Amino acid sequence: MSAVIDDHGHAHAHGPAKGLMRWVLTTNHKDIGTMYLWFAFCMFLLGGSFAMVIRAELFQPGLQIVEPAFFNQMTTMHGLIMVFGAVMPAFVGLANWMIPLMIGAPDMALPRMNNFSFWLLPAAFLLLVSTLFSPGGGPNFGWTFYAPLSTTYAPASVTFFIFAIHLMGISSIMGAINVIATILNLRAPGMTLMKMPLFVWTWLITAFLLIAVMPVLAGVVTMMLMDIHFGTSFFSAAGGGDPVLFQHVFWFFGHPEVYIMILPAFGAVSSIIPAFSRKPLFGYTSMVYATGAIAFLSFIVWAHHMFVVGIPVVGELFFMYATMLIAVPTGVKVFNWVSTMWEGSLTFEAPMLFAIAFVILFTIGGFSGLMLAIAPADFQYHDTYFVVAHFHYVLVPGAIFGIFASAYYWLPKWTGHMYDETLAKLHFWLSFIGMNLAFFPMHFVGLAGMPRRIPDYNLQFADFNMVSSVGAFMFGATQVFFLFIVIKCIRGGEPAPAKPWDGADGLEWTVPSPAPYHTFQTPPDVK
Amino acid sequence: MALNRLVTRLLLLTAVMFAFGFALVPIYDVMCRAFGINGKTGGQYEGSQVSDPSRAVRVQFMSTNAGDMSWEFHATADQIEVNPGAVNQMVFVARNPTSKPMSAQAVPSITPAEAAAYFHKTECFCFTQQVLQPGERIEMPVRFIVDRDLPGSVKHLTLAYTLFDITARHPPVAPAATQAAR
């Protein structure tokens, strides 16, 4: 329809520019979304290779492959790169690609800022990764960079780390502003808030979380910078400061951050499960309110990361109960996903497999989170592999499987080709088995007392650690296979129709596949 | 235009949250003092209480040097038994064994942390900085009251001082003035 209207010979109907400068200068949401996704995938492989170093060292007890100092840099960089380089940019990439298509907008509201927020990321991560080659090595204080490890006792490269965090923060905040401005200003006529797909809703709430907490992260690294170079004493007891203050400020950012990494996955799965159940999403309104409730609660639970620093009993009780309260809206969501599948006419294509695994395994991660929320029990679990098992269960089959599910679900729209379903299913099963082999034994070694972030361990943990390492290598190698599947899909394959999934719903399926460079220049009619 | 107004508001929210990050510093201090969080003790106590001879609490003293602080620093007794409400005194001794004048700051902490709000110092060397000439030795008194409302579960508590070298930040220029203030 719009093609007919566009045929006036105007210069508007142009395609992408040619050559490299297309990507440097682009303001097109699809180009920028693609760049975000590729960047995130590169970082996923880099952060994954750091994880392989960690698992190789932990394959057997004793020190065999890397020095403990380098091991510390690997745990730190693995965390930083996966959180800030892989998961967050992947979701921003999905937001860039899909939000305008889902709400019938021609592009993001602030396209030039969109370009800038992407191009800050390569600069930030070049700065961060380059520290590994500096004398004294890269950041070695864990991704949580607790003071005074990250101030008084930090390697000289910590200043580069601080500026890298600043750049990532600016990029995320600009991305979030862009998402909010797009959703609130560019919806097609008739697309009321309560008609928006849940991916759009969860991203709207995520964007507000980002704007609320990324500046606090910027503040805490600025305080570190001032302590290190300008003689202040925010975190130094010698000058009247307090290292525990660091943990409060950090986790005020850090806890909402973990929801920033999962809410968009909730949204994507809430589109995918109905599509392959051939039923509308059960309890749409309750999903929206549950997301809002989770976002609100995320601000008042931060000290559950700090049960052992010596907060008063009243504080422990408050943060314990507030944390357990999060299980209520999360339970509503899981209930709704299961109810959507109930009596549905289910098929199990790759996006659905990843989505179902997401629901089951994320719930397991949620339950171990509830165990950790019990303050007296946490005294036992704190800083053990049980914690590592918990947050990998919510991040790998949570955030990462959510991203894989989204990628397979929308790849036909992005590339115009169907991906190879057999290979994709193989990718799923190898990922599923590898991931569970890698992380499930960590629960046991953690409960038995194996501490995290240590390159060596007691002999009794040897067998479980070997299983973990084998699973991790399997999961890691499988992701190179995913790269192959995506490239194969881009280069060819069965042509995808505009709506390749018969149960799918949403405006993105009304445009042809691959989505034209410009879409919805005339707003669609939303009934 | 609606878009400009929205973006301005969002940028403003960003700035407010950045400022909030820094505002957490004084908020944290106030909360710590108000609730005795983290073993932080309050400032100088002005009140007075009546001694409760029926109950005894053991107070232990610890003294630690932070980092590369080179002073000799210790309490004159390891522990004393006190009655809640009574005014007690303990003398700490510090000596500067180096050949340079130095200044120091002691930071107190109470364990268990829940007892911090019930431990009142009427006089403490931690309220001021200490300046010692080479080889100089001082005796520094602490006067304190353990509050009568101290929870019954607390049978003994520990007062720990960590002594920090603050010569770089507060050059020991006017030892006389500091002495006079004390």
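How many helices and strands does chain B have? Chain B has two helices and nine strands, whereas chain A has 17 helices and zero strands. Helices (H or I, at least four residues) and strands (E, at least two) are DSSP runs, numbered from the N terminus. This is a predicted model, in which local features need pLDDT of at least 70 and side-chain atom pairs count only at pLDDT 80 or more, while totals for chains, interfaces and linings use all residues. Residues are numbered from 1 along each chain as its sequence is written, and chains are lettered from A and ligands numbered from 1 in the order in which they are written.

**Chain B: fold and dimensions**

- Along the sequence, the elements of chain B follow the pattern α-β-β-β-β-β-β-β-β-β-α.
- Chain B is divided into domain 1 (1-35) and domain 2 (39-181); these bounds come from an automatic or database domain assignment.
- The centres of domain 1 of chain B and domain 2 of chain B, taken over C-alpha atoms, are separated by 37 Å.
- The radius of gyration of chain B is 21 Å, whereas a compact globule of 182 residues would have one near 16 Å. This radius is taken over C-alpha atoms, and the globule rule is 2.2 Å times the number of residues to the power 0.38.
- The C-alpha trace of chain B spans about 70 × 50 × 25 Å along its principal axes.
- Of the 182 residues in chain B, 30% are buried. A residue is buried if 20 or more other C-beta atoms lie within 10 Å of its own, exposed if 12 or fewer, and partly exposed in between, with C-beta atoms placed from the backbone.
- Among contacts in chain B between residues at least 6 apart in sequence, 77% join residues at least 24 apart. Two residues are in contact if their C-beta atoms, placed from the backbone, lie within 7 Å.

**The side of chain B that touches chain A**

- In total, 27 residues of chain B are in contact with 28 residues of chain A.
- Helix 1 (2-35) and strand 9 (156-165) of chain B are the elements that give two or more residues to this side of chain B.
- Helix 1 of chain B gives the most, with 16 residues.
- The residues on this side of chain B divide into 20 nonpolar, five polar and two charged. Ala, Val, Leu, Ile, Met, Phe, Trp, Tyr, Cys and Pro count as nonpolar, Asp, Glu, Lys and Arg as charged, and the others, Gly among them, as polar.

**Chain A: overall form**

- Chain A has 17 helices and zero strands. Its radius of gyration is 23 Å, close to the 24 Å that the globule rule gives for 527 residues, so chain A is as compact as a globular protein of that length.
- The C-alpha trace of chain A spans about 70 × 50 × 45 Å along its principal axes.
- Buried residues account for 54% of the 527 residues of chain A.
- Of the contacts in chain A between residues at least 6 apart in sequence, 83% join residues at least 24 apart.

**Helix 10 of chain A**

- The 14 residues of helix 10 (residues 284-297) of chain A should span 20 Å at 1.5 Å a residue, and the end C-alpha atoms are 20 Å apart, which agrees. The expected span of a helix is 1.5 Å times one less than its number of residues.
- A:Met287, A:Ala290, A:Thr291, A:Ile294, A:Ala295 and A:Leu297 are buried in this helix. Seen down the axis of helix 10 of chain A, the buried residues fall within an arc of 165 degrees, so they line one face of the helix. The arc is that of the directions from the helix axis to the C-beta atoms.
- A:Thr285 and A:Tyr289 are exposed on the other side of helix 10 of chain A.
- The buried residues of helix 10 of chain A pack against several helices of chain A, among them helix 7 (198-229), helix 8 (243-260) and helix 9 (263-277).

**Helix 11 of chain A**

- The buried residues in helix 11 of chain A are A:Glu316, A:Phe319, A:Met320 and A:Thr323. Seen down the axis of helix 11 of chain A, they fall within an arc of 105 degrees, so they line one face of the helix.
- A:Val314, A:Leu317 and A:Tyr321 are exposed on the face of helix 11 of chain A turned away from its buried side.
- Helix 13 and helix 14 (375-381) of chain A are included in what covers the buried residues of helix 11 of chain A.
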